[in-house]
Amino acid sequence: MFSYTTRSAIGVGKRLRVPVPVRSLSSPSLPNAPSPEPATTTQAGPAPALATGSPDAEQPSEPRVKEWSQRLRALGEDTRLPRSVQAIYSRPLRRKAEYGLPVCDLQLRSYSVQNVEFFADFAIRAAYYLNLPASGPVPLPRIVERWTVPRSNFVHKKSQENFERITLRRLIQIKDGNPQAVQAWLAFLRKHAFYGVGMKANVWEHDSLDVAKSMDASLPEVEKTLRPHLEQFGQRHDNSADRSIFDVLDSDRFAERKNL
Amino acid sequence: MPQPRLLDLVKAQCRIFSLTFNPQRLRLGNKILRQRLRGPALAAWYPRKTVSFRDLQNTYKPLGLTTFDEAEDDREEAIQIAKLRGKGRPKKKRTAAESRSAKKKK
Amino acid sequence: MSKAASMFRSKKLDLSGFVNTRLIRDHNKRNAFEQMEPERQALRYMIRNTTLPQRVRAQAQLQLSQMHVYTRPTQIKNRCVASGTARSVFRDFRLNRFQFRMQALAGELPGVKKASW
């Protein structure tokens with residue numbers, strides 16, 4: 001998507017041949033232009049080359065500024081950002097739930113509003129692109145913890161100080177999504193975890209009424225995976241000498257006690 | 001419904017869900033077996049040792065790389081100065097007789 | 001069976017941060033408890049189980065009471081991680097009330113602020 005914007009920027013430079021740096025011209029002329037555009041223009045490269053290329057054209061450029069701005073505005077109207085980039089400037093898109101069967105509850109917790117709001121927004125956008133219908137973010141009740149501490153020794157108990165910690169929570173619910181897509185969504189969120197935001201997910205899986213049959217069918221595989229663990233389980237060989245529990249209890253530790 | 005039938009039902013229920021069938025309500029101590037082990041959580045209270053600068057020094061020394069621990073150098077220097085001033089630590093008493101004589105001198 | 005507490009001491013200090021004799025002792029107790037907890041639970045189960053013969057239960061009682069003191073959970077006391085103090089330690093932060101106040105004012109405890117309402 002960024003290659004698209006850079007290409008357009010290069011095109012502008014070629015046609016304009018402005019001695020003035022492109023950035024100073026384009027930013028006032030496109031007041032509602034999104035922020036990535038000027039950033040890419042400066043990175044694009046042709047701007048400094050142009051500035052050095054035609055120093056003698058500095059005089060006639062000034063009366064033509066209006067024209068440039070008009071042309072640039074026209075350019076801004078004709079071309080557009082990719083839809084996915086444009087979507088960032090508006091509210092998150094959502095899929096519509098067909099059945100409304102809850103599949104996953106994601107709870108986000110943080111101590112700061114910005115972090116949790118930002119990440120909730122991010123999670124909902126990610127859910128949209130994974131084709132998951134998400135509802136929320138629902139602001140859950142804040143958890144307020146308060147502590148009162150004496151400022152110094154107990155002698156000065158009358159002078160105390162209060163501290164508090166407020167945990168903000170947001171709930172995002174995924175409805176009738178594919179379980180694998182939900183797992184992918186959760187993995188994606190964990191990969192791009194935001195600082196200071198904790199996540200907790202309850203995932204529900206729904207199965208047909210023939211669960212028992214499918215479980216029976218999958219049993220041999222499960223046993224195979226469990227075998228290395230179960231091999232470790234059991235009585236130790238050095239521990240299982242031919243002694244019953246009575247012998248153990250009689251002999252070791254109670255010998256001294258018995259003599260008393 | 002007659003009592004034995006109900007008991008049979010409960011028995012079957014216990015067998016299916018692998019519960020202990022205990023109609024007399026004997027104290028079997030199973031609640032101990034149900035408890036979680038608290039040991040790992042309790043043992044994790046204090047922060048465990050992590051890598052220190054000394055470890056780094058020890059690993060790099062065999063490779064022929066020198067490292068400088070300024071805090072350690074300062075400490076050794078201070079000890080040297082204290083020794084010169086006659087304020088260093090007293091010599092370790094190896095035998096009981098030595099320690100006794102040291103006390104008597106006072 | 002020797003009653004020396006040194007058997008639960010690790011050969012090399014495995015703690016970082018603030019270290020104190022009492023803190024190390026508590027740490028040793030925690031390790032001892034963790035090590036012997038299954039055995040303790042097994043004995044406790046034998047004691048509570050009324051269907052076992054009386055002799056077995058009595059012997060289990062005896063054995064449980066003869067285990068080292070350090071293996072008892074009641075020996076464990078929460079101590080401040082930053083100062084080793086044993087009084088008014090907050091479980092949430094593992095800090096003593098004074099250390100808690102200092103660190104909270106320094107902004108080292110995430111989310112903890114001075115409250116006024």
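Reader: Which strand of chain C does β3(A) pair with, and in which sense?

Author: In this predicted model, β3(A) pairs with strand β3 of chain C, residues 112-114, in the antiparallel sense. The pairing runs over three bridges. Within β3(C), Val112(C) stands opposite Arg165(A).

Reader: How many residues does each chain bring to the contact between chain A and chain C?

Author: In general, the size of an interface is often given as the accessible area lost when the parts come together. Here the description is by residues: chain A contributes 13 and chain C contributes 16. On the side of chain A that touches chain C, β2 (134-150) and β3 (160-175) of chain A each supply at least two residues. β3(A) gives the most to that side, with five residues.

Reader: What kinds of residues make up the side of chain A that touches chain C?

Author: That side divides into six nonpolar residues, six charged residues and one polar residue.

Reader: How should I read α10 of chain A, and how far does the helix reach?

Author: An α-helix has 3.6 residues a turn, so residues three or four places apart point the same way. In this case, α10(A) covers residues 211-231, which is 21 residues. From its first C-alpha to its last it reaches 28 Å, close to the 30 Å expected at 1.5 Å a residue.

Reader: Where does α10(A) bend?

Author: The bend is at Leu219(A) and comes to about 45°. A proline, Pro220(A), follows within four residues.

Reader: Why is α10(A) said to lie largely in the open?

Author: A residue counts as buried if 20 or more other C-beta atoms lie within 10 Å of its own. Of the 21 residues of α10(A), the number buried is zero, so the helix lies largely in the open.

Reader: What are the elements of chain B, and how much of the chain is buried?

Author: Chain B has six helices and zero strands, in the order α-α-α-α-α-α from the N terminus on. Of its 106 residues, 2% are buried.

Key. Residues are numbered from 1 along each chain as its sequence is written. Chains are lettered from A and ligands numbered from 1 in the order in which they are written. This is a predicted model: local features need pLDDT of at least 70, side-chain atom pairs count only at pLDDT 80 or more; totals for chains, interfaces and linings use all residues. Two residues are in contact if their C-beta atoms, placed from the backbone, lie within 7 Å. Ala, Val, Leu, Ile, Met, Phe, Trp, Tyr, Cys and Pro count as nonpolar, Asp, Glu, Lys and Arg as charged, and the others, Gly among them, as polar. Two strands pair if DSSP finds at least two bridges between them. A residue is buried if 20 or more other C-beta atoms lie within 10 Å of its own, exposed if 12 or fewer, and partly exposed in between; C-beta atoms are placed from the backbone. The expected span of a helix is 1.5 Å times one less than its number of residues. The bend at a residue is the angle between axes fitted to the seven residues ending there and the seven starting there.
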